[in-house]
Amino acid sequence: MPGFEIFGDEERKQVEEVLGTGVLFRYGFDQARRGRWKARTFETELARRLETGYCHLCSSGTAALSIALAACGVGAGDEVIVPPFTFVATFEAVLQAGAVPVFADIDETLCLAPESIEKVLTKRTRAVMPVHMCGAMARIDEIRIICDRKGLVLIEDTCQALGATFNGQALGTFGHAGCFSFDSVKTITCGEGGGVVTNDRDIYKRADAYADHGHDHMGDDRGLEDHLILGSNFRISELNAAVGLAQLRKLDWILEKQRAHKKAFKDAMAGFAGITWRRLPDEAGDSATFLSFFLPDAARAGRIAAKLKDAGVDSCFYWFDNNWHYLRHWGHLKKLISAARLPIQLMDNLPDYDRLELPVSDSIMGRLISMQIKLSWTAEEVDRRIENIGKVLKAEGL
Ligand SMILES: Cc1ncc(COP(=O)(O)O)c(C=O)c1O
């Protein structure tokens, strides 16, 4: 995702404003900051953009997940249903909360399948955390119905899908809370940063407090603030927020460009009968950060991913063999290798992550290639890539 590709005068100007005041921190120093509140402004603009009630900006997407879990009351001993195709942060946050990640299958949306959620529900299930992977949506309406029916907390990991919508509604706003990442490889970047959004004032208040040692953020003397709850420090700095603010204001331009690039590839590849596309419950809402497609079988997908690389078509990920995003290679999770004992290791009846088998997800992931869509490509580069992709697919008889 293109956050790392753009850094221009707008970002520089925002950062210089912060440097000009010397107030590099999001809280306090009201006089010295001369009316400049970058984190606060980012929060207001993101909430407005997503048409949601509240936003709390924090230090990372991982922090956002931890904050959302705490703010929604998910903690020790609770089971949280997560997908096996995600970034490790999703289950790490669950483990940090003292809760138990329970894996359910994905479907061809590349996200949690509603029917597989039903299969792993137990008396301990407290939350469902779908991940809108690679820029587009899970079947979030169906997932929400299950959560409503069962009284479960719904937290959307929207770290990879800022700007995507489902039936016109922003992803991240369907559940109790939605989490975003603004790291180096996200749709927009703060350098490092994250955000929690919610429509629920109580969840927002707890998120705001939890992310800053429980502070109630009332008044203008930090030393006199009350502690609403036990918390931690997940604060973002004003410098990071300043970069993100400039980037947020470019979001429409980013989405437009990504969508145009993606369409060019999709149109050009439409003639290859051996390829099928990722299922998109609402194609118009795709943020178009990736073009994800399926090959007829895993052997061919692996081979074609390698051939695309050799042909100079970079950033075509074969996640099935990659350590980054799929459970198959997460040896540290399977053996629960941690720096120190985890709360989960004090519990009974745990899932056996080492023996966990998800053949449905394996068969989907084995056939999948996801090509990153970049902003910086020129029209000539797009044409050259299309030509090279065509050569590889033709040689494979697709
Ligand atoms: C799906 C998903 N969730 C969470 C995160 C964590 O975000 P961060 O790197 O900002 O902590 C990422 C980042 O790659 C992600 O892709």
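Biologist: In this predicted model, which side chain of opposite charge is nearest to the buried Asp-216?

Modeller: Asp-216 is buried yet takes part in no salt bridge, a bond that would need a side-chain nitrogen of Lys or Arg within 4 Å of a carboxyl oxygen. The residue sits in the loop between α7 (201–210) and α8 (238–248), and its contacts beyond four places in sequence include Glu-225, Asp-226 and Leu-228. The nearest side chain of opposite charge is 7.4 Å away, and it belongs to Lys-205.

Biologist: With which side chain does that of Asp-286 make a polar contact of 2.5 Å?

Modeller: Asp-286 is found in the loop between β10 and β11, and because its relative accessible area is 5%, Asp-286 is buried. A polar atom of its side chain lies 2.8 Å from the backbone nitrogen of Ala-288, while its contacts beyond four places in sequence include Gly-135, Met-137 and Arg-259. The side-chain partner in the polar contact of 2.5 Å is Lys-262.

Biologist: Which strands stand at the edges of the open sheet of four strands, and why is one side of each left without a neighbour?

Modeller: The open sheet has the order β10-β11-β13-β12, with antiparallel pairing. Each edge strand has a single partner strand, so one side of it lacks a neighbour in the sheet; these strands are β10 (276–277) and β12 (316–317).

Biologist: Which residue in β11 stands opposite Trp-277?

Modeller: Two bridges join β10 to β11 (residues 290–294), and these strands run antiparallel. Helix α9 (residues 251–269) packs on the sheet and touches β10, β11 and β13 (368–372), its direction making about 25 degrees with that of β11. Opposite Trp-277, the residue in β11 is Phe-293.

Terms used
Residues numbered from 1 in each chain as written. Predicted model: local features only at pLDDT ≥ 70, side-chain atom pairs only at ≥ 80, totals over all residues. Heavy atoms only, no water. Pairing = 2+ DSSP bridges. Contact = heavy atoms within 4.5 Å. Axes fitted to C-alpha atoms, helices over the stretch in contact; angles between N-to-C directions. Buried < 20%, exposed > 50% of the residue type's maximum accessible area, 1.4 Å probe, protein only. Lys, Arg positive; Asp, Glu negative; His and termini not counted. Polar contact = N/O pair within 3.5 Å; in protein donor to acceptor, adjacent residues only side chain to side chain.
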